[in-house]
Amino acid sequence: MKFKSSYVVVDADVARSAGLAEHPISKSSRNLLRDIAESNLHIAFCPILLAEWKKHKSLMSTRWLSSMIARKKFHCSTPLMQAHIEIKNANLSDKDQAIAQKDAHVVDIAISTGNFIASNDKIARGVFISVANNTNLLDRLMWIVPTEINDQLIDILKNGGVVPAAWILRTN
């Protein structure tokens, strides 16, 4: 799949993790935010995600978000609640359904702005793979985990290109 998005939804766990530490999660989250800022991408939020960011922010992510707002690379809207419906129809266990519902707003905003999510939550990503394989609504959804990406991401964000299959939720 060719990368065509102009927006990325950055989950609050990236904001919480992006600090000055050299821990792999902190460093990869920080680098992701830097790469987004240096690209032509804009960030997309909904009111729920913005509240989560404010609750879980780090000093670095607070500065980054302020910078993105100042550069007019910030978009906030109320998305349709499509993911909630798809989660209910996906025949998930109660535990997986709770995990998916917790991040449904992240998926909803991604669907409405360009199908691109950055999150450190591998468990939620796994649950949404199950959801995506049961609906066409999520078949173009890309979900990256900052610790699992490399320099290839920078090139794709800045220049476009083919998205690795591992980033796409739908596997069948």
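Me: How do you know that helix α2 lies across strands, and at what angle to β1 does it run?

Reply: Helix α2 (residues 24-38) lies across β1 (7-10), β2 (42-45), β4 and β5, at about 155 degrees to β1; contact here means heavy atoms within 4.5 Å, and angles run from 0 to 180 degrees between N-to-C directions of axes fitted to C-alpha atoms, for helices over the stretch in contact. Helices (H or I, at least four residues) and strands (E, at least two) are DSSP runs, numbered from the N terminus. This is a predicted model, in which local features need pLDDT of at least 70 and side-chain atom pairs pLDDT of 80 or more, while totals for chains, interfaces and linings use all residues. Residues are numbered from 1 along each chain as its sequence is written, and side-chain values use heavy atoms, without hydrogens and water.

Me: Why are β4 and β5 called paired?

Reply: Two strands pair if DSSP finds at least two bridges between them, and three bridges join β4 (residues 116-118) to β5, so these parallel strands count as paired. Ala 118 stands opposite Ile 144 in β5.

Me: What makes β3 and β5 edge strands?

Reply: The open sheet has the order β3-β2-β1-β4-β5, and β3 (74-76) and β5 (142-144) are its edges because each pairs on one side only.

Me: Which residues does Val 10 touch?

Reply: Leaving out residues up to four places away in sequence, Val 10 touches Leu 33, Ile 36, Ile 43, Phe 45, Leu 49, Trp 53, Trp 64 and Ala 118.
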